[in-house]
Amino acid sequence: MSKITEAFKNKVFVPFITCGDPDLETSKEIIKELANNGADLIELGIPFSDPTAEGPVIMEANIRALANGITTDDVFEMVSEVSGEIDIPLVFMTYANVVFSYGVERFFKRCQETGICGIILPDVPYEEKEEFEEVADRFDVEFISMIAPTSEDRIDTIAAGAKGFIYIVSSLGVTGTRAELNGNIKSLVERVREKTDVPCAVGFGISTPAQAAEMANISDGAIVGSAIVRVIAEYGKDAPKQVGQFVKNMKEAYYVS
């Protein structure tokens, strides 16, 4: 059983951060606070100059990290240092060009060496994933598929070939907090579950404990990015404790909803 599969034995809470925002040492402390306050799996963003799936909050986090001179090697080094201190799985969420420019085989070999369990590449369509997935498989890194409301007739195919977990995109557009989430998510999750036993978690737009609990009730968990990155932007190097409390509140809502 993979580490990701093990995490999904119960309802999961999945936070996202951009590595190197505000700096790598703070990112490392944030990761430990996330793990200590209810996170079951953590998505780590590798800074990239054109993160096309991201809204302004995470876009600005990428800009800050790149302004710090953060490189992919720096991120791998930070992950190597922190992965031995926590028990939960870590996955990268980044873009095809980051992997290509690093070298696909070299990238996934480093993932294996540093303890990365999975990868999400939002700009790689299902039909083009093989060139990444084949190499990822060789290094025991699970290629995480994304399904959106617009996936339509491709939903069944994507679900049937999924590994690790499925990232259900709750709404159209880029990442960012939203007052209301797509009301059709439940039917989308039900359709996915007809095709696979691979668990699914819902992301994009979740910003409150109530929303997180609602999505976890519908699916196997909730993914929260922009709301956490906004806390980091506000508190900077003092963010770890603030982020930890934010995530604790989110996860506790699972049990009172």
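Predicted model: local features only at pLDDT ≥ 70, side-chain atom pairs only at ≥ 80, totals over all residues.

Q: Which residues of α10 and α12 make the contact?
A: On the α10 side they are P209, A212 and A213. On the α12 side they are N249, M250 and A253. By class, this contact has five nonpolar residues, one polar residue and no charged ones.

Q: At what angle do α10 and α12 pack, and how far apart are their axes?
A: The angle is about 45 degrees, and the axes are 8 Å apart. Here α10 covers residues 209–218 and α12 covers residues 239–253. The two helices are therefore oblique to each other.

Q: Which residues of α10 are buried?
A: Read burial from the relative accessible area: under 20% counts as buried. In α10 the buried residues are Q211, A212, A213, M215, A216 and I218.

Q: What do the buried residues of α10 pack against?
A: They pack against strands β1, β8 (200–203) and β9 (221–224). They also pack against helices α9 (185–195) and α12.

Q: How do α2 and α4 pack?
A: Helix α2 (residues 24–36) and helix α4 (residues 72–83) pack at about 40 degrees. Their axes are 10 Å apart. That angle makes α2 oblique to α4. The crossing of α2 past α4 is right-handed.

Q: Which residues meet where α2 packs on α4?
A: From α2 come L24, S27, K28, I31 and K32. From α4 come D74, M78, E81 and V82. By class, this contact divides into four nonpolar residues, one polar and four charged.

Q: How is a pair of aromatic rings described?
A: Two values are given: the distance of the centres and the angle of the planes. A search of the whole structure finds twelve aromatic pairs. One of them joins F13 and Y254. Their centres are 6.3 Å apart, with 65 degrees between the planes. The pair is edge-to-face.

Q: Where do F13 and Y254 lie?
A: F13 is in strand β1 (residues 12–18), and Y254 is in the segment after α12. The pair therefore ties together parts that are 241 residues apart in sequence.

Q: Are F13 and Y254 buried or exposed?
A: F13 is buried, with a relative accessible area of 0%. Y254 is buried too, at 11%.

Q: What are the distance and angle for F107 and F108?
A: This aromatic pair has 5.4 Å centre to centre and 85 degrees between the planes. The pair is edge-to-face. F107 is buried, with a relative accessible area of 0%. F108 is buried as well, with a value of 0%.

Q: Which residues do ring pairs link into a cluster with F107 and F108?
A: F76, F92 and Y102 join F107 and F108 in that cluster.

Q: Now single residues. Where is S145, and what does S145 touch?
A: S145 sits in strand β6 (residues 145–147). At 5% relative accessibility, S145 counts as buried. Leave out residues up to four places away in sequence, and S145 touches K129, I158, A162, F165, I166 and Y167.

Q: Where is A227?
A: A227 is in helix α11 (residues 226–235). With 7% relative accessibility, A227 counts as buried. A227 and Y95 are 132 residues apart in sequence. From C-alpha to C-alpha, they are 21 Å apart in space.

Q: Next, the backbone. Which residues does a cis peptide bond join?
A: Look at omega. The cis bond joins D21 and P22, with omega about 5 degrees. P22 is in the loop between β1 and α2.

Q: What phi does D140 have?
A: Its phi is positive, about 60 degrees, although D140 is not a glycine. D140 is in the loop between α7 (130–138) and β5 (142–143). D140 is exposed, with a relative accessible area of 59%.

Q: What about F204: which phi, and buried or exposed?
A: Phi of F204 is near 80 degrees, a positive value in a residue other than glycine. F204 is in the loop between β8 and α10. F204 is buried, with a relative accessible area of 7%.

Methods: Residues numbered from 1 in each chain as written. Heavy atoms only, no water. Axes fitted to C-alpha atoms, helices over the stretch in contact; angles between N-to-C directions. Helix = DSSP H or I, 4+ residues; strand = E, 2+ residues; numbered from the N terminus. Parallel < 35°, antiparallel > 145°, perpendicular 65-115°, else oblique. Contact = heavy atoms within 4.5 Å. Nonpolar A, V, L, I, M, F, W, Y, C, P; charged D, E, K, R; others polar. Phe/Tyr/Trp six-rings, centres within 6.5 Å; stacked < 30°, edge-to-face > 60°. Buried < 20%, exposed > 50% of the residue type's maximum accessible area, 1.4 Å probe, protein only. Left-handed = near helix turned anticlockwise from the far one by under 90°.
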